[in-house]
Amino acid sequence: MRPDQRTQQRDFLLEITRAITAQLDLSEVLRRVLHASLVMLAGRVGVVALGDKHDNRFSLRAYSGISADDVPELNGKLQELMNPQDEGGFSRDFLNSKLREMADLIDPRLAQSIAMPLVFARKPLGLLIVFRSYQTAITPEDLDTLQSFADQAAIAVNNAQLYGEINQERQRLEAILNNSGDGVFILKPDLSFQQVNRAFERMTGWPQEDSVDRPKSDVIVWDSLESRDIEDALDAGWAQDSARGAGPDALYVEGDLLRRDGMKISIGITYAPMLTEDGRLESIIANVRDISNFRKAQEMQSVFISTVHHELRTPIAIIKGYASTLGRDDVEWDSAVIRENLAIIEDEADRLTNLVEDLLTASKIQAARELRLNLADTDLRAIAARSVERLEGQTSHSIVMSFPEDFPVIPGDEIRLRQVIENLLTNAIKYSPEDKTITVGGRFTEKSVTVFVRDEGAGIPKDQIDKVYERFYRVDDNLTSRTQGAGLGLYLVKAIVEAHGGEISAKSQIGSGSTFFFTLPRD
């Protein structure tokens, strides 16, 4: 090769190397490497094979001048070439033999094969092979030039692979971040927002584009805060303590947040510092959890405990008071007074028994997540009649029965279904003004029976009808505050009805009362 030709080749090599190494997309790098190799060697066919870091298999990743149908068989030949059976490695004859097999598979007229390994930091990345239609001698200078090109190509391939892995990891982390049920945001050292996820946007009403670069105090606005926030912690040296291992890495704060739309939400934020190697604060990652339901449950539980305490003490105090009165030695009671007092004691004992029964049933449901039933033929009409007879003596309400005479018997747990009917009747009595009428009745079809309890009370707001079946829940109105109850009645009713394979529903209108229905299968 003449000196001017060698200079032109080196200039071309320098130019193409710059173009290749400037790329970070692996497919584009391989395309350029292959194109440059074919131009430099006047090749007719070229392939670039790369190894898989997971299973050490090599396969074609870029090719020119061959049919896609030949790729699977060429991959097999390539694997034989890269993994010879001889533990001592492959010889030149073995290499030439396998290259000849690959050339014959592509086109028997291919006369020469030139293979250049792509190696970076002594790590084999792949193989570049160019096939020519003619034979020609390759000088040591040509080999040096080709090897230099192969080395630069290996650097470009390695950079593109690393970039691809980093990009894939970034996408994976973004997918995890954006699909997390908890809110996540990242703060810069100056406590301005760097990034937020979708859950945070939903919780706070602040989208990514509006929150990024804003001061934290503009977005996290507390209506009430139960402990110090991140600003106070940083002033107290929290980040430095974390760097030295002298304090907790995470900081938890909890309070009521004012959303962007002015609504309030209870949240808990866990802050974690991201530090540089020399201990400087690089960023702060915060996990945000909506604890509104948790706080509501805590509040409901506290109310429940207080209510149950009151509900248990009241009948016990009444029973004790009347029993003590009847037991006085200084008074002679006539039989009518004794019967009246004993009836009150019996009623209060029944009330106490019902409450304890409700508590035990709720506990069993919560622990086992199911309710065991003792099924037998059950007459709901007769159960309702007994319940009405018992409750009529305890209320001034008029309770009316409305069942057809041929109301059918169904398979059911009589004790549990009595609990359902009595809870519905008791609720109707509690939430209806005195001297109003309560109706319990039923209807049936070939496949099911339906029992209803109708009252003429204050009614239930539409937004609370679905909530009345929740454990400890009580309708929020003035009447509720004046009535007793632990908020378990309708929770148990729903659980018992559904355990029988049935459904419960309600219709209500403010000022006109409510009707609860439960439907059970006849079979």
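Mentor: Glu348 is located in helix H12, which covers residues 335-368. The model is a predicted one, and in it Glu348 has a relative accessible area of 13%. Because buried means under 20%, Glu348 counts as buried. What does Glu348 touch, once residues up to four places away in sequence are not counted? The residues in question are Pro315, Ile318 and Ile319. For one of them, Ile318, the separation from Glu348 is 30 residues in sequence, while the two C-alpha atoms are 7.2 Å apart in space.

Ser211 belongs to helix H7, residues 208-211. Its relative accessibility is 0%, so Ser211 is buried. With neighbours within four places in sequence left aside, Ser211 is in contact with Phe193, Val196, Trp206 and Val219.

The protein that holds these residues has 523 of them, and 40% count as buried. Its secondary structure consists of 16 helices and 17 strands. Of the contacts between residues at least 6 apart in sequence, 59% join residues at least 24 apart. The accessible surface amounts to about 29300 Å², and carbon and sulfur atoms account for 49% of that area.

The packing of helices deserves attention next. Two packed helices are described by the angle between their axes and the distance between the axes. Helix H2 (residues 26-41) packs with helix H5 (residues 140-178) at an angle of about 170°, and their axes are 9 Å apart. Given that angle, H2 is therefore roughly antiparallel to H5. From H2, the contact involves Leu26, Val29, Leu30, Val33, Ala36, Ser37, Met40 and Leu41. These meet Thr145, Leu146, Phe149, Ala153, Ala156, Val157, Ala160 and Gln161 in H5. By class, the contact of H2 with H5 comprises 13 nonpolar residues, three polar and no charged.

Another pair is formed by helix H14 (residues 414-430) and helix H16 (residues 489-499), which pack at an angle of about 145° with their axes 9 Å apart. The crossing of H14 and H16 is left-handed. H14 contributes Arg416, Leu417, Gln419, Val420, Asn423, Leu424 and Asn427 to the contact. H16 contributes Gly489, Leu490, Leu492, Val493, Ile496 and Val497. The contact of H14 with H16 has eight nonpolar residues, four polar and one charged.

Methods: Residues numbered from 1 in each chain as written. Predicted model: local features only at pLDDT ≥ 70, side-chain atom pairs only at ≥ 80, totals over all residues. Heavy atoms only, no water. Helix = DSSP H or I, 4+ residues; strand = E, 2+ residues; numbered from the N terminus. Buried < 20%, exposed > 50% of the residue type's maximum accessible area, 1.4 Å probe, protein only. Contact = heavy atoms within 4.5 Å. Areas by Shrake-Rupley, 256 points an atom, 1.4 Å probe, with all protein chains shown as cover. Axes fitted to C-alpha atoms, helices over the stretch in contact; angles between N-to-C directions. Left-handed = near helix turned anticlockwise from the far one by under 90°. Nonpolar A, V, L, I, M, F, W, Y, C, P; charged D, E, K, R; others polar. Parallel < 35°, antiparallel > 145°, perpendicular 65-115°, else oblique.
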